[in-house]
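Thanks for passing this one along. Here are my notes, in numbered points, for you to read beside the coordinates.

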Amino acid sequence: MRIPLVALLDKVRSSFWFIPALMVLSGGVLSFIVVAADRRLIDAPGRTFLLYGGGAEGARAVLGTVASSMMTVAGVVFSITIVALTLASQQFGPRVLRNFMEDRGNQVVLGTFISTFVYCLLVTRTVIGGDDDVAFVPHLGVTGGVILSILSLGVLIYFIHHVSTSIRAETIIARVAHELDQTINRLYPQQIGDEQPEERWEIPPAYDTKTEISSTAEGYLQVVDDGLLMEMASKEDLLLRFHVEPGEFIVQGRRLLEAHARKPVEDKRRERLVGAFVLGSARTPVQDVEYPLQQLVQIAALALSPGVNDPFTAISAIDRLAAALRRLGGRRFPSPLRKDEQQTTRICA
């Protein structure tokens, strides 16, 4: 999978809006499907069996009650979530907010309430009272709204339990440690095949034209599209030497890499090389193993501060750090030299 796609998926995963937005869209689509099914079943015998059997006014009242209650509960959910985030930020540091934003449980709960509201709102607009010739009551749609409200009640109970457990120190530390393990496995996989002796890389005399590739923006270096760099280096006959690594803050004009070639690198190719470095406003663990490590260190440091004074939380964080460092120490660090398909060294990281 290409690195830009991985970075995009990481941004989507850490966003609080993506899953609720999908669920709201699904609720809207479901309302249209249910109303269409109601119109097909309008003359079917026994259609009100186990379905809502009242009139138009009753349907509006039921759907309106469910919709208004869902918005009220959604507001309460937002309030509880903000309080939980505030407490976690004060006790464990602001960096752990990312873990709360990534929590699928919180996203699904919020999406359930809002999608139920949208569903009831869209079904309500189809209710028509008056004469029997023009009257239309979506019995199936109203029943679906009642079912969704019962489901939302169960989700609310789950949310109360989930929030109370997610702000526990053990849960937060375990979540950060799991993210650290995933980063280690991604960046330092288990040894495959025979280990090759490390070579010393020297720039051949033929590549005497050096071009410095500098950043045109500023921010934290989140990911580097090494696949694109290798493709360009092999295709354009370049030798690339890195001067930065993921996790560093890059100021505008800072040197990202050196490109050694037989002729000067054109401006268009410079732009493509710069585009391989993805900058953002915050660090991410996609290629930055230090980020989750620093999260655990920050949790331990805050736990030992006079304001918190929680040595057991610090012990838990240190235990996770020890396990991660032991796992990391057992992995062979990859060589900084990278070769293309023709076994020509193209990149020195």
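1. Is W17 buried or exposed? W17 is exposed, with a relative accessible area of 56%; the classes here are buried for under 20% relative accessible area, exposed for over 50%, and partly exposed in between, using a 1.4 Å probe and protein chains only. F18 is partly exposed, at a relative accessible area of 30%.

2. Some housekeeping before going on. This is a predicted model, in which local features need pLDDT of at least 70 and side-chain atom pairs count only at pLDDT 80 or more, while totals for chains, interfaces and linings use all residues. Residues are numbered from 1 along each chain as its sequence is written, and side-chain values use heavy atoms, with hydrogens and water left out.

3. On the overall picture, the chain has eleven helices and eight strands. These are DSSP runs, numbered from the N terminus (helices are H or I with at least four residues, strands are E with at least two). Of the 349 residues, 41% count as buried. Taking contacts between residues at least 6 apart in sequence, 80% join residues at least 24 apart, where contact means heavy atoms within 4.5 Å.

4. Now to the rings. The structure holds three aromatic pairs. Rings of Phe, Tyr and Trp (its six-membered ring) pair if their centres lie within 6.5 Å, and planes under 30 degrees apart count as stacked, over 60 as edge-to-face and the rest as tilted. W17 and F18 form an edge-to-face pair, because their ring centres are 5.6 Å apart and their planes stand at 80°. F242 and F277 make a tilted pair, with centres 5.8 Å apart and planes at 55°. F242 sits in strand β3 (residues 239-242) and F277 in strand β6 (residues 277-280), so this pair ties together parts that are 35 residues apart in sequence. Both F242 and F277 are buried.

5. Two arginines deserve a look. R39 lies over the face of F136, at 4.3 Å from the ring centre, and R262 lies over the face of Y207, at 4.6 Å from the ring centre. The rule is that NZ of Lys or CZ of Arg is within 6 Å of the ring centre and within 35 degrees of the ring normal. R39 belongs to helix α2 and is partly exposed, with a relative accessible area of 47%. The C-alpha atoms of R39 and F136 are separated by 8.4 Å, although the two are 97 residues apart along the chain. Leaving aside neighbours within four places in sequence, R39 is in contact with T126 and F136.

6. Helix α2 (residues 18-40) also holds S31. S31 counts as buried, at 2% relative accessibility. Not counting residues up to four places away in sequence, S31 touches Y119, L122 and V123.

7. What about R346? R346 is in strand β8 (residues 345-348) and is buried, with a relative accessible area of 8%. R346 and R241 are 105 residues apart in sequence and 8.5 Å apart in space, C-alpha to C-alpha. Beyond its neighbours within four places in sequence, R346 has contacts that include W201, Y207, M230, A233, S234 and D237. Helix α8 (residues 226-235) has L228, L229, M230, M232 and A233 as its buried residues. D237, which follows α8, has a positive phi, near 60°.

8. Next, the open space. Of its 26 lining residues, the closest to the centre are L187, P246, P334, R338 and A349. On a 1 Å grid over the protein atoms alone, a pocket is an open set of points with protein on both sides within 12 Å along at least five of seven lines, a cavity is a set where a 1.4 Å probe fits but cannot get out, and lining residues have an atom within 4 Å of a point. α1 (3-14) and α7 (169-187) each supply at least two residues of the pocket lining. By class, that lining has 15 nonpolar, three polar and eight charged residues; Ala, Val, Leu, Ile, Met, Phe, Trp, Tyr, Cys and Pro count as nonpolar, Asp, Glu, Lys and Arg as charged, and the others, Gly among them, as polar.

9. The lining of the largest cavity has five nonpolar, three polar and no charged residues.
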